[in-house]
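Here are my notebook entries from a first look around this structure. Come along and check each one against the picture.

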Amino acid sequence: MAKVNENYLKLRGSYLFSTIAKKVSEYQNSHPEEAKEIIRLGIGDVTKPLTPAVLKALHSAVDEMGNSETFRGYAPDLGYDFLRKAIADEYKERGCDIDPGEIFVSDGAKSDTGNIQEIFSEDSIVAICDPVYPVYADSNVMAGRSGSFDEKNDRWDRIVYMPCTRENGFSPELPEKVPDIIYLCSPNNPTGTALNKAELKKWVDFALEHNSVILFDAAYEAYITEDGIPRSIYEIEGAKKCAVEFRSFSKNAGFTGVRLGFTVVPQDLEISGVKLNPLWARRHGTKYNGAPYIQQRAGEAVFSPEGKKETKALVDFYLGNARIIYDGLKAAGYEVYGGVNSPYIWLRTPNDMTSWDFFEKLLNEYRIVGTPGSGFGPSGEHYFRLTAFGTRENAEKAVERLKKG
Ligand code: MLT
């Protein structure tokens, strides 16, 4: 008799952003007129179109696919050399020595951060920041590493939670129990705060001392505006021996609907004499047929001089929205964080409302969709996330509505 993977039955409700989409759709059905006014600042999905350099590369790659001389079938499963080299060159410009053979091109950082756990032992102890992107916890629940859900504490009893709260400046403290795998995201989703060089060094030193592996999600690195904040973990000495890094083209170049990302697994990264690079290559080769040629040419264009200029303009635009939302909320009396090195604004709910109550209030009274902080972890309770990925007009309108309230 077939049996399901019972770990899936342990998962809590549906994926956070699916739950929100469902609630918004219910509101639309019950309030069709009011719903026309909805401003979506929930999921971190971009709204600006692809840039000219990217479009040119896409069109030309499509033409190549329509010509028998230049048509391509399966892509190399780890990525085309032209893109891996462009990525390695970009790392070099930042002073990080990454070889193209250490770069694995994929369909995005969500898949990679969700799948990477497969190459680690089933009994690994996993540490996550709290609050954080829900994929890290959920993918480890599916793999059977989470233990049971402790309803009273609102936590998985085998996962190490590292609270990131206003009390510790949203910077996780080293855990007492040493984890095997440590997920870090900087700038962090959802708090919008970023680890500075000294803070990140503390984590690299800790991982090296305890033979732990850091899984570093750098999907929002393009939003870093302040000095002293590393855009890559490999800016820290020793990181190539203890860290995997995930990057995305979604939030910088607007590829949420195109799908492209990459992961760096350095050759120096070993656990008990076993290199992780060939393990991830084996997993990639077995379960993935490579990101499409057309997307990879578009990715290459992001690193061209025009592409870099255009991407910076996109990021600057969203950071402009972030500033409007941040300043507007402050002026309206909210306690606000993030938004400076990140497209996410993290606010404390007024009068200690629960995150979901605040979600309902914003949707029903202000017709604004945001993301409840508690959906990212128990320490996110009484917080709320707004994204800067909307239009300028909507950022301004949202602030006006909130100010009136
Ligand atoms: C978010 O809103 O947290 C992100 O859009 C999720 C993602 O990138 O998958």
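Predicted model: local features only at pLDDT ≥ 70, side-chain atom pairs only at ≥ 80, totals over all residues.

Helices here are DSSP runs of H or I with at least four residues, numbered from the N terminus. With that in hand, I looked up Asp 89 and found it in helix H4.

**Entry: Asp 89**

Next I stepped back to the whole chain. I found it divided into domain 1, made of 6-50 + 307-404, and domain 2, which is 68-304. Taken over C-alpha atoms, the centres of domain 1 and domain 2 are separated by 24 Å. I then looked up the contacts between them: 39 residues of domain 1 meet 52 residues of domain 2.

**Entry: the ligand**

Which residues are around the ligand? I listed Phe 17, Ile 43, Gly 44, Lys 110, Tyr 133, Asn 189, Tyr 220, Lys 251, Tyr 344 and Arg 385. By kind, this shell divides into 5 nonpolar, 2 polar and 3 charged residues. Domain 1 and domain 2 each supply at least three residues of the shell.

For Tyr 133 I noted a distance of 2.6 Å to a ligand oxygen. For Asn 189 the distance to a ligand oxygen is 2.8 Å. An N or O atom in the side chain of Arg 385 lies 2.7 Å from an oxygen atom of the ligand. How much of the ligand does the protein bury? Taken alone, the ligand exposes 270 Å², and the protein buries 87% of that.

**Entry: Asn 189**

Asn 189 belongs to the loop between strand E7 (181-185) and helix H7 (197-210). Its relative accessibility is 3%, so Asn 189 counts as buried. The side chains of Asn 189 and Arg 385 are joined by a polar contact of 2.6 Å. Leaving out residues up to four places away in sequence, I found that Asn 189 touches Pro 131, Val 132, Tyr 133, Tyr 220, Tyr 344, Phe 376 and Arg 385.

**Entry: Ser 248**

I moved on to strand E9, residues 243-248, where Ser 248 is placed. Is Ser 248 buried or exposed? Ser 248 is buried, because its relative accessible area is 8% and the cut-off for buried is under 20%. The side chain of Ser 248 reaches the backbone nitrogen of Ser 250 at 2.9 Å. Not counting residues up to four places away in sequence, Ser 248 touches Ala 109, Ala 219, Leu 260 and Gly 261.

**Entry: helix H10**

My last stop was helix H10, residues 293-302. Why is helix H10 largely enclosed by the rest of the structure? I found that 7 of its 10 residues are buried, so the rest of the structure largely encloses helix H10. The buried residues of H10 are Tyr 293, Gln 295, Gln 296, Ala 298, Gly 299, Ala 301 and Val 302. Their cover includes helix H3 (52-65), helix H4 (81-93), strand E2 (103-106), helix H8 (250-253) and helix H11 (305-331). That brings me back to helix H4, where I began with Asp 89.

Technical notes
Residues numbered from 1 in each chain as written. Heavy atoms only, no water. Helix = DSSP H or I, 4+ residues; strand = E, 2+ residues; numbered from the N terminus. Buried < 20%, exposed > 50% of the residue type's maximum accessible area, 1.4 Å probe, protein only. Polar contact = N/O pair within 3.5 Å; in protein donor to acceptor, adjacent residues only side chain to side chain. Contact = heavy atoms within 4.5 Å. Near = heavy atom within 4 Å. Areas by Shrake-Rupley, 256 points an atom, 1.4 Å probe, with all protein chains shown as cover. Nonpolar A, V, L, I, M, F, W, Y, C, P; charged D, E, K, R; others polar. Domains from an automatic or database assignment.
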